[in-house]
Number of protein chains: 2
Amino acid sequence: MLIQELTRHASVDLLARTRLGRLACAQGTQPYVVPFYFVFNKRYLYSFSTVGQKINWMRTNPLVCVEAEEVVSTHEWVSVIVFGRYQELPDTPKWQTAREHAHQMLRQYPMWWEPGYVKTITHGKERPLVPVFYRISIGQITGHRATPLSRWRQGMS
Amino acid sequence: MLIQELTRHASVDLLARTRLGRLACAQGTQPYVVPFYFVFNKRYLYSFSTVGQKINWMRTNPLVCVEAEEVVSTHEWVSVIVFGRYQELPDTPKWQTAREHAHQMLRQYPMWWEPGYVKTITHGKERPLVPVFYRISIGQITGHRATPLSRWRQGMS
């Protein structure tokens with residue numbers, strides 16, 4: 001297996017065609033990672049969630065890391081890592097344009113569902129359904145591709 | 001879509017049948033998340049890697065978070081989150097038994113390959129291939145399952 005860096009262009013391409021990623025945040029020295037759906041557009045990853053541990057932690061410390069991947073096998077995969085910053089898009093005049101843009105982005109894909117359609121039961125109780133719209137402002141992007149050595153050698157010949 | 005908590009038993013079952021997960025660590029306030037292969041056994045997730053950012057960060061701050069998932073669609077998925085602690089298994093007499101156990105665990109699965117077989121090229125240079133064996137000591141485990149509401153209602157009737 002050969003692991004090589006992706007170009008920025010190839011990394012951005014993967015973000016543009018992927019919806020499912022994992023979002024890592026941290027409180028103090030404790031990291032936390034959860035799966036999330038997102039839509040990439042220009043310098044941002046758009047998403048939404050109900051209020052919970054992830055949103056609370058990102059409100060306190062907006063530094064995040066996002067991972068997205070395409071896995072064929074243990075020897076053949078592409079993975080992209082984004083270092084970024086959490087930005088909430090509240091329902092206020094200041095954020096209205098960005099929030100509407102987020103709605104537009106998210107509505108285009110089947111991952112979209114009316115947030116009120118989700119019913120979360122935690123510790124036997126329903127969780128309040130307050131949808132939070134947010135975006136991750138993209139800082140550094142890095143990507144890697146693993147190729148089976150046999151195929152890599154064929155490519156060289 | 002209905003999101004419900006998994007029992008501990010169901011969460012552990014997912015860890016036991018999954019190999020691919022994502023490992024989050026943090027340095028200062030910056031989280032970092034990467035895909036990784038692991039094998040669950042009792043109180044630990046076993047894995048190995050070459051030395052790089054992830055290993056360096058976990059050596060400094062051993063608090064980690066691991067996510068594993070099975071996704072059918074945006075409305076039907078299972079996800080498990082583990083809070084744990086990084087423990088390196090160095091090639092020293094003190095750690096020999098644990099290290100051999102890690103080898104045994106990892107060798108059972110197709111994800112295993114001789115670490116020397118991996119060739120990593122970063123910034124045009126090959127990275128030194130020093131395999132690091134480690135385990136994540138499992139602390140808290142939580143899991144969630146999303147079910148389409150239509151199916152959930154069928155199950156209730």
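Contacts between the two chains come first. In this predicted model, 46 residues of chain B are in contact with 46 residues of chain A. Putting the chains together buries about 3,900 Å² between chain B and chain A, and carbon and sulfur atoms give 65% of that area.

Polar contacts between chain B and chain A come to 6 residue pairs, both residues at pLDDT 80 or more.

Which elements of chain B give two or more residues to the side that touches chain A? They are β1 (2-5), β2 (20-27), β3 (30-37), β6 (63-73), β7 (76-88), β8 (119-122) and α4 (149-156). The largest share, 8 residues, comes from β6(B). Sorted by class, this side of chain B has 28 nonpolar, 13 polar and 5 charged residues.

The chains also share strand pairing. Strand β1 of chain A, residues 2-5, pairs with β8(B) in the parallel sense, over 3 bridges. To locate this on the screen, look for A:I3, whose bridge partner in β8(B) is B:T120.

Next, the strands inside chain A. Strand β2 of chain A, residues 20-27, and strand β6 of chain A, residues 63-73, pair in the antiparallel sense over 3 bridges. Within its own chain, what is the bridge partner of A:R22 in β6(A)? It is A:E67.

On to β6(A) and strand β7 of chain A, residues 76-88. These two pair in the antiparallel sense over 10 bridges. Within that pairing, A:E69 stands opposite A:S79 in β7(A). A hairpin of 2 residues joins β6(A) to β7(A).

Last, confidence. Chain A has a mean pLDDT of 89, and 90% of its residues reach 70 or more. Where pLDDT is low, the predicted coordinates should not be read in detail. For the model, the scores are ipTM 0.90 and pTM 0.91.

Technical notes:
Residues numbered from 1 in each chain as written. Chains lettered and ligands numbered in written order. Predicted model: local features only at pLDDT ≥ 70, side-chain atom pairs only at ≥ 80, totals over all residues. Heavy atoms only, no water. Contact = heavy atoms within 4.5 Å. Buried area = accessible area lost by both parts, 1.4 Å probe. Polar contact = N/O pair within 3.5 Å; in protein donor to acceptor, adjacent residues only side chain to side chain. Helix = DSSP H or I, 4+ residues; strand = E, 2+ residues; numbered from the N terminus. Nonpolar A, V, L, I, M, F, W, Y, C, P; charged D, E, K, R; others polar. Pairing = 2+ DSSP bridges. pLDDT = per-residue confidence, 0-100.
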